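I opened a page for this structure today.

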Amino acid sequence: MPHTMTPDGVGIAYQVRGEGAAPLLLLAGQSNNHHWWDPVRDDFHGDRSTLTFDYRGTGASDKPDLPCSTELFARDAIAVLDALGVERADVYGTSMGGRVAQQLAARHPDRVRALVLGCTSPGGPHAVERTDDVRRSLAQTRPGAARQALLELMYTPAWLAANPGPYRTLGDPGMPAHARRRHLVASNEHDAWRLLPDIVAPTLVVHGTDDLLNPAANAPLLADRIPGARLHLVPGARHAYFEENRAVASPLVLDFLTTVPQP
């Protein structure tokens, strides 16, 4: 698997799929590697290629026990684009990947042609946080209980019954404990509120109406704060709307990206 070296000396593994000329950078959720996108990645191939990378601490990337932030992950994304010779890419980030995408689009506007933010939030004091009940469900110590709670926050019961797995959105099983802690802090400390008005890329905000892991009330906050952003809520969808509701979500994203004028 190819790697690139970041300015601070961390090896980042990246992956390229598809034959199209228009690159789409896909950014995964917290404590996950590029396999987050496996169930839907082919939806975007055809006239475009997809680019992913394993966040530091995950997959085949280096796993130093060093502070992380969504801004740092965005710089890692720039290192990947540089390694591939990609001057500008469309960017689609979900969950923590949407937080990284905010940093990328606001701080490196010349590298992002169009932006899709899925099931994410601005972070900081303006964000709508998950409830204490959700937090407690994810902190259960009974074997398998927290995993089951996360599954039910990601997907509806009907979808889980029809799709026994494997599930790619529950975290990188090979991730060391120190890296999980670093990712948690990076996501929790994200606050892009003051940066959002600086995003100039055409932006689509997508969220499931029944998302309790990252409450759906964050979607209009982002759409109102980013100039000209569009908002689309997927009825009945939970956090992993992009997988369970791929028949709606993938065409929606592709249509948006296709209609964004070329520079």
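The entries below cover the cavity and then the salt bridges.

**Entry 1: model type.** I noted before anything else that this is a predicted model.

**Entry 2: cavity.** How many cavities of 30 Å³ or more does the structure hold? I found 1. I looked up the space in the largest cavity and wrote down about 30 Å³. Next I listed the residues lining the largest cavity: Arg-56, Gly-57, Pro-64, Leu-66, Cys-68, Ala-179, Arg-182 and His-183. By class, I have that lining as 4 nonpolar, 2 polar and 2 charged residues.

**Entry 3: salt bridge total and a network.** I recorded 11 salt bridges in the structure. A network of salt bridges links Asp-8, Arg-56 and Asp-76. I marked Arg-56 on both lists, as it also lines the largest cavity.

**Entry 4: Asp-43 and Arg-246.** I looked up this salt bridge and found its closest N and O atoms 2.4 Å apart. Which parts of the chain does the pair link? Asp-43 sits in the loop between strand S3 (22-27) and strand S4 (48-53), while Arg-246 belongs to helix H9 (residues 246-259). The two are 203 residues apart, and I noted the pair as linking distant parts of the chain.

**Entry 5: Arg-135 and Glu-129.** What separates the closest N and O atoms in the salt bridge between Arg-135 and Glu-129? I have 3.4 Å for that distance. I then checked accessibility for each partner. Arg-135 is partly exposed, with a relative accessible area of 40%. Glu-129 counts as partly exposed too, at 46% relative accessibility. Neither entry passes the exposed cut-off, because exposed means over 50%.

**Entry 6: Arg-136 and Asp-133.** The side chains of Arg-136 and Asp-133 form a salt bridge, and I wrote down 2.3 Å from N to O. Where do the two residues lie? Both are in helix H3 (residues 132-138). Their spacing is 3 residues, about one turn of the helix.

Conventions:
Residues are numbered from 1 along each chain as its sequence is written. This is a predicted model: local features need pLDDT of at least 70, side-chain atom pairs count only at pLDDT 80 or more; totals for chains, interfaces and linings use all residues. Side-chain values use heavy atoms; hydrogens and water are left out. On a 1 Å grid over the protein atoms alone, a cavity is a set of points where a 1.4 Å probe fits but cannot get out, and a pocket is an open set with protein on both sides within 12 Å along at least five of seven lines; lining residues have an atom within 4 Å of a point. Grid points are joined across faces, edges and corners, and a volume is the space filled by probe spheres set on the points. Ala, Val, Leu, Ile, Met, Phe, Trp, Tyr, Cys and Pro count as nonpolar, Asp, Glu, Lys and Arg as charged, and the others, Gly among them, as polar. A salt bridge is a side-chain nitrogen of Lys or Arg within 4 Å of a carboxyl oxygen of Asp or Glu. Helices (H or I, at least four residues) and strands (E, at least two) are DSSP runs, numbered from the N terminus. Buried means under 20% relative accessible area, exposed over 50%, partly exposed in between (1.4 Å probe, protein chains only).
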